[in-house]
Amino acid sequence: MDKQTEKKVCQLPDGKFCGHNCADGCRYWDPYKKDSNGRQYCNWYSTYYYPRERQGCLSYKD
């Protein structure tokens, strides 16, 4: 195959996306701990995110 017709496959693991994000009340989200870009801290992943980036977050606990 040439590069123009080459296809790539991405297989997702079993499971489902929960549809939650940080601002839905995730217990790992710390909205008061922010980096210089305004992203807020996630204690589960030990890094900063905009809440909208975590849509479907797999660490969200109902």
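**View 1. Contacts along the whole chain.** Among contacts (heavy atoms within 4.5 Å) between residues at least 6 apart in sequence, 41% join residues at least 24 apart. Please keep in mind that this is a predicted model, in which local features need pLDDT of at least 70, side-chain atom pairs count only at pLDDT 80 or more, and totals for chains, interfaces and linings use all residues. Residues are numbered from 1 along each chain as its sequence is written, and side-chain values use heavy atoms, leaving out hydrogens and water. Of the 62 residues in the chain, 26% are buried, meaning under 20% relative accessible area with a 1.4 Å probe and protein chains only, while exposed means over 50% and partly exposed lies in between.

**View 2. The three strands together.** The chain has zero helices and three strands, and its elements run β-β-β from the N terminus on. Helices (H or I, at least four residues) and strands (E, at least two) are DSSP runs, numbered from the N terminus. The strands form an open sheet in the order β1-β2-β3, with antiparallel pairing; two strands pair if DSSP finds at least two bridges between them. Because β1 and β3 (47-49) stand at the edges with a single partner strand each, one side of each is left without a neighbour in the sheet. On average, neighbouring strands of this sheet are turned by 50 degrees against each other, direction ignored, with axes being lines fitted to C-alpha atoms.

**View 3. The hairpin of β1 and β2.** Here β1 (residues 29-34) and β2 (residues 40-42) run antiparallel, joined by three bridges. Look for D30, whose bridge partner in β2 is Y41. Five residues lie between the strands of this hairpin, in which G38 takes a positive phi near 90 degrees.

**View 4. From β2 across to β3.** Three bridges also join β2 to β3, and these strands run antiparallel. Opposite Q40 you will find Y49 in β3.

View 5. W44, Y45 and L58 make a nonpolar surface patch of about 330 Å². Y45 lies in the loop between β2 and β3 and counts as partly exposed because its relative accessibility is 32%.

Technical notes: Axes fitted to C-alpha atoms, helices over the stretch in contact; angles between N-to-C directions. Patch = residues over 30% accessible without salt bridge, like charges linked within 9 Å, V, L, I, M, F, W, Y side chains within 5 Å. Areas by Shrake-Rupley, 256 points an atom, 1.4 Å probe, with all protein chains shown as cover. Salt bridge = Lys/Arg side-chain N within 4 Å of Asp/Glu carboxyl O.
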